[in-house]
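Q: Could you take a close look at one helix of this model for me, together with its packing and its surface?

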Amino acid sequence: CAAYMLIALNYERGEAAAPRLGQHEALRELSASYHAVLPLAAIEWDVLPTLVAARLAMSLCLGTYSAAQDPTNKYLRLTLQPGWAALRQLRQAP
């Protein structure tokens with residue numbers, strides 16, 4: 001199901017495997033591994049980039065709101081920085 005893949009991709013983005021492999025390679029590896037166990041339908045692959053971007057945008061909106069409510073919370077601001085960078089990369093990807 002694309003929903004599980006979406007959750008995994010959003011958590012993988014910028015996390016443990018990214019420094020080892022690079023962000024795009026880590027996402028490709030995760031996608032291929034997931035697909036080997038639970039294959040996605042063609043339509044799920046087609047909409048996956050949009051779903052990932054939408055989920056990331058939602059997280060950024062909630063994070064920005066939370067950071068505005070508690071400006072002294074450095075953790076919230078730190079977690080937003082890689083998220084904005086990832087969203088910019090997604091928008092530039094073909």
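A: Of the protein's 94 residues, 27% count as buried, meaning under 20% relative accessible area, with over 50% called exposed and partly exposed in between (1.4 Å probe, protein chains only). The model is predicted, with local features needing pLDDT of at least 70 and side-chain atom pairs pLDDT 80 or more, while totals for chains, interfaces and linings use all residues. Residues are numbered from 1 along each chain, and side-chain values use heavy atoms, without hydrogens and water.

The protein has five helices and zero strands, taken as DSSP runs (H or I, at least four residues; E, at least two) numbered from the N terminus. Helix H4 covers residues 42-69 and includes Ile 43. The axes of H4 and helix H5 (residues 74-92) come within 10 Å and cross at roughly 150 degrees, with axes fitted to C-alpha atoms over the stretch in contact and angles running from 0 to 180 degrees between N-to-C directions. H4 and H5 are therefore roughly antiparallel, the term for angles over 145 degrees.

Definitions and conventions. Angles under 35 degrees count as roughly parallel, over 145 as roughly antiparallel, 65 to 115 as roughly perpendicular and the rest as oblique.
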